[in-house]
Amino acid sequence: MAAVNVAFESPENFGGLCPSQQRPVDLVHLATQTKGDRALEIEILQMFARQARGCLQALSSHGDGLQVRAAAQRLRNAAMAVGALKVAGAADLIETKGATADSIASVSAAVLEAEHFILKLAR
């Protein structure tokens with residue numbers, strides 16, 4: 001009877017995250033968006049990396065609050081499109097709460113981690 005109970009217990013889902021969502025880029029999400037086209041995935045990820053770098057420059061330029069929020073929103077939307085959830089979360093904090101040294105450092109670290117991941121995939 002114990003084996004039956006084990007078989008039907010709910011699995012640990014660690015807060016709803018699957019392993020692909022714990023990476024800097026959720027490859028399952030990206031594959032769904034690109035219908036599994038590996039070359040397209042790499043191209044989209046490289047475009048994302050360039051756009052993310054541009055958004056980081058805009059965030060670091062200490063422009064007015066409206067420009068900073070617009071850059072954070074562009075970064076968040078681009079990150080959500082490719083499945084870069086850490087980047088999206090960090091950008092969302094800047095968009096909603098404003099830019100601080102800590103929030104810019106957090107988004108910069110997330111973008112750098114995503115860029116390294118993308119470079120490894122592109123090899």
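## Basis of the description

A residue is called exposed when its relative accessible area is over 50%, and buried when that area is under 20%. The model described here is predicted.

## The loop residue K35

K35 is found in the loop that lies between helix 2 (27–34) and helix 3 (38–60). Its relative accessible area is 76%, so K35 is exposed.

Most residues other than glycine have a negative phi.

## T34 in helix 2

T34 lies in helix 2. With a relative accessibility of 5%, T34 counts as buried.

The side chain of T34 makes a polar contact with the side chain of E41, at 3.2 Å. When neighbours within four places in sequence are left aside, T34 is in contact with L40, E41 and I44.

## Packing of helix 3 and helix 6

Two packed helices are described by the angle between their axes and the distance between the axes. For helix 3 and helix 6 (residues 101–122), the axes come within 10 Å and cross at roughly 155°. Angles over 145 degrees count as roughly antiparallel, which makes helix 3 roughly antiparallel to helix 6. The crossing of these two helices is left-handed.

On the helix 3 side, the contact is formed by R38, I42, L45, Q46, F48, A49, A52, R53, L56, L59 and S60. These residues meet I104, V107, S108, V111, L112, A114, E115, I118, L121 and A122 in helix 6. Sorted by class, the contact of helix 3 with helix 6 has 15 nonpolar, 3 polar and 3 charged residues.

## Packing of helix 4 and helix 5

Helix 4 (residues 65–82) packs against helix 5 (residues 85–97) at an angle of about 155°, and their axes are 8 Å apart. Helix 4 and helix 5 are therefore roughly antiparallel to each other. Their crossing is left-handed.

Helix 4 contributes V68, R69, A72, Q73, L75, R76, A79 and M80 to this contact. Their partners in helix 5 are L85, V87, A88, A91, D92, I94, E95, T96 and K97. By class, the contact of helix 4 with helix 5 has 10 nonpolar, 2 polar and 5 charged residues.

Definitions and conventions:
Residues are numbered from 1 along each chain as its sequence is written. This is a predicted model: local features need pLDDT of at least 70, side-chain atom pairs count only at pLDDT 80 or more; totals for chains, interfaces and linings use all residues. Side-chain values use heavy atoms; hydrogens and water are left out. Axes are lines fitted to C-alpha atoms, for helices over the stretch in contact, and angles run from 0 to 180 degrees between N-to-C directions. Helices (H or I, at least four residues) and strands (E, at least two) are DSSP runs, numbered from the N terminus. Angles under 35 degrees count as roughly parallel, over 145 as roughly antiparallel, 65 to 115 as roughly perpendicular and the rest as oblique. A crossing is left-handed if the near helix is turned anticlockwise from the far one by less than a right angle, and right-handed if clockwise. Contact means heavy atoms within 4.5 Å. Ala, Val, Leu, Ile, Met, Phe, Trp, Tyr, Cys and Pro count as nonpolar, Asp, Glu, Lys and Arg as charged, and the others, Gly among them, as polar. Buried means under 20% relative accessible area, exposed over 50%, partly exposed in between (1.4 Å probe, protein chains only). A polar contact is a pair of N or O atoms within 3.5 Å; within protein, one must be able to donate a hydrogen and the other to accept it, and residues adjacent in sequence count only if both atoms are side-chain atoms.
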